[in-house]
Protein chains: 2
Amino acid sequence: MPRTTRRKPVSESAGTWWKLVVAYDGTAYGGWQRQPNAITIQEVLERVLARVTGQQVTVHGSGRTDAGVHARGQVASCECATRLRPMELQRALNANLPADVRVLRVTRARPGFHARFDAVAKEYRYQLDLGPVADPFLRRYAWHHPQRLNLRAMRRAARWLRGRHDFTALSATGDGEEKNCVRRIMRLTIRQEGQLVTIGVRADGFLYKMVRTLVGALVKVGEGKLTPEELRELVRQRRRVPLLETAPAHGLFLWRVWYR
Amino acid sequence: MPRTTRRKPVSESAGTWWKLVVAYDGTAYGGWQRQPNAITIQEVLERVLARVTGQQVTVHGSGRTDAGVHARGQVASCECATRLRPMELQRALNANLPADVRVLRVTRARPGFHARFDAVAKEYRYQLDLGPVADPFLRRYAWHHPQRLNLRAMRRAARWLRGRHDFTALSATGDGEEKNCVRRIMRLTIRQEGQLVTIGVRADGFLYKMVRTLVGALVKVGEGKLTPEELRELVRQRRRVPLLETAPAHGLFLWRVWYR
């Protein structure tokens with residue numbers, strides 16, 4: 001995404017650059033990024049890449065999903081000299097990865113390809129289970145919210161949120177303050193299918209915990225505790241809003257990442 | 001189902017009869033029926049009913065799902081004197097049950113109601129994941145079968161299997177030999193949606209492991225290892241066929257049970 005610091009120039013002693021599309025059930029993991037006290041997706045991928053290629057490999061993700069967040073189409077990049085063809089590398093990785101992490105596609109990338117810096121858009125989806133009783137098969141994949149929601153009001157709020165805005169109000173203080181909080185939401189949809197409501201958000205970039213804060217705010221609108229106009233005003237004021245709750249991690253999926 | 005032994009007459013000191021519709025993720029359980037070396041759904045329900053009502057209650061299921069099999073609409077019956085109204089009983093049960101077992105509905109039943117003996121039809125669904133790479137979100141809920149299947153041939157076999165047949169060939173030796181293996185399949189459908197194939201079977205009764213053997217046989221037809229005509233011949237011969245493999249438990253869901 002254009003706002004982030006650019007990478008350093010490509011080294012000369014390069015191997016091959018790889019693009020991996022990865023799906024994972026985030027339930028058992030401490031998120032994407034390597035850290036001392038939890039097993040993470042990045043760590044698991046790097047460990048298996050080391051086993052398969054015999055090299056120490058650093059894997060970059062398109063974004064750092066939080067603990068418990070899932071992915072259907074996370075993209076990871078790495079540089080790694082191996083004679084394996086893409087299909088063989090994919091098979092070898094899946095044969096060594098745990099069943100809750102799957103590599104869906106492996107392709108060679110242009111030298112210097114970086115899953116995070118080269119991404120031009122990403123889509124997240126958030127699942128809400130509105131049933132009076134929680135569906136046991138969704139308990140790890142949807143936020144159970146047994147009260148009725150006014151989807152019309154939520155859609156009205158969503159209509160305004162589309163487009164370019166300064167989303168400071170929907171950001172959380174993360175690792176390092178973001179200076180520029182302007183992002184463009186290209187798509188924001190709310191779909192219902194039985195007791196399952198899916199909120200899809202596609203944007204050219206996301207602030208820390210932005211999707212979960214956005215979902216928390218939309219749910220407040222659906223509950224009638226915040227009007228679409230009030231939410232619009234909050235966003236316009238460009239201040240972090242302590243009253244906006246973050247929706248729980250386990251309903252969130254990193255769905256797809258786009259590159260040029 | 002009409003073939004099973006009838007229950008004993010209703011006792012006079014009766015409380016209220018209850019009908020519970022129950023959904024469960026069977027992954028962590030040793031099946032429905034109480035047994036010494038595993039936690040079972042029946043046991044969990046009876047334990048929670050005892051806690052909520054202060055009584056020792058025996059719960060009967062419409063059928064004994066095997067270890068690892070799931071349910072969307074299992075029906076359980078019990079006799080239990082409590083002053084709780086159906087809605088209150090449901091809430092109390094769900095408040096005490098683990099998240100992978102949910103009571104979807106509680107209603108009062110006529111005296112003597114028995115979830116198994118009074119059932120007139122049941123539907124099971126079996127999920128196959130045909131993707132080249134297993135979907136990590138289906139790993140507990142579908143049989144991963146990465147080879148292509150000839151669904152047309154499977155549907156041709158399914159057409160013949162509908163109706164009344166002696167299904168000895170598709171039964172497994174279970175607890176006690178079944179004398180009468182004639183069952184009527186009212187509905188047998190094979191649907192594809194992306195990489196997920198769902199086989200739905202509705203019948204007036206099922207033999208031990210009949211659905212999983214049926215799915216195993218249909219998959220053999222889909223692989224081209226057995227023609228629809230050969231499968232028909234096998235069923236006509238009314239002998240147990242050792243070559244028919246049983247599909248794994250984790251793809252199977254008890255979907256719905258019908259009563260008069």
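Q: How much confidence does the model carry, and what are its ipTM and pTM?

A: The general idea is to look at confidence before detail, since where pLDDT is low, the predicted coordinates should not be read in detail. For chain A the mean pLDDT is 92, and 92% of its residues reach 70 or more, while the model as a whole scores ipTM 0.89 and pTM 0.90.

Q: Is A:Ser77 buried or exposed?

A: The value to read here is the relative accessible area, with under 20% counting as buried. A:Ser77 has a relative accessible area of 1%, and therefore A:Ser77 is buried.

Q: Which residues is A:Ser77 in contact with, leaving aside its neighbours within four places in sequence?

A: Setting those neighbours aside directs attention to residues from elsewhere in the sequence. With neighbours within four places left out, A:Ser77 is in contact with A:Trp18, A:Thr58, A:Val59, A:His60, A:Phe113, A:His114 and A:Ala115. For A:Ala115 there is a further detail, in that its backbone nitrogen lies 2.9 Å from a polar atom of the A:Ser77 side chain.

Q: Where is B:Ser77 placed, and what does its side chain approach?

A: B:Ser77 is found in strand β3 of chain B, and its relative accessibility is 1%, so B:Ser77 counts as buried. Not counting residues up to four places away in sequence, B:Ser77 touches B:Trp18, B:Thr58, B:Val59, B:His60, B:Phe113, B:His114 and B:Ala115. A polar atom of the B:Ser77 side chain lies 2.9 Å from the backbone nitrogen of B:Ala115.

Q: Which strands pair with β3(B), and in which sense do they run?

A: A strand can be read through its partners, taken one at a time. Strand β1 of chain B (residues 16-24) runs antiparallel to β3(B) and is joined to it by 8 bridges, with B:Val22 standing opposite B:Gln74. Strand β2 of chain B (residues 60-61) also pairs with β3(B) in the antiparallel sense, over 2 bridges, and here B:Gly61 stands opposite B:Ala76. Strand β10 of chain B (residues 252-259) pairs with β3(B) in the parallel sense over 2 bridges, where the bridge partner of B:Ala71 is B:Leu254. β3(B) is itself mostly covered, with 9 of its 11 residues buried.

Q: How many residues does the largest nonpolar core have, and which have the most contacts inside it?

A: To read a core, begin with its size and then ask where its residues come from. The largest nonpolar core has 75 residues, and A:Ile199, A:Leu218 and A:Leu231 are those with the most contacts inside it. Helix α4 of chain A (residues 210-222) supplies the largest share of this core, 8 residues, and at least three residues come from each of domain 1 and domain 2 of chain A. A second, separate core has 73 residues, including B:Ile41, B:Val59, B:Leu93 and B:Leu252.

Conventions
Residues are numbered from 1 along each chain as its sequence is written. Chains are lettered from A and ligands numbered from 1 in the order in which they are written. This is a predicted model: local features need pLDDT of at least 70, side-chain atom pairs count only at pLDDT 80 or more; totals for chains, interfaces and linings use all residues. Side-chain values use heavy atoms; hydrogens and water are left out. pLDDT is the predictor's confidence in each residue, from 0 to 100. A nonpolar core is a set of buried Ala, Val, Leu, Ile, Met, Phe, Trp, Tyr and Cys residues joined through side-chain atoms within 4.5 Å. Buried means under 20% relative accessible area, exposed over 50%, partly exposed in between (1.4 Å probe, protein chains only). Helices (H or I, at least four residues) and strands (E, at least two) are DSSP runs, numbered from the N terminus. Domain bounds come from an automatic or database domain assignment. A polar contact is a pair of N or O atoms within 3.5 Å; within protein, one must be able to donate a hydrogen and the other to accept it, and residues adjacent in sequence count only if both atoms are side-chain atoms. Contact means heavy atoms within 4.5 Å. Two strands pair if DSSP finds at least two bridges between them.
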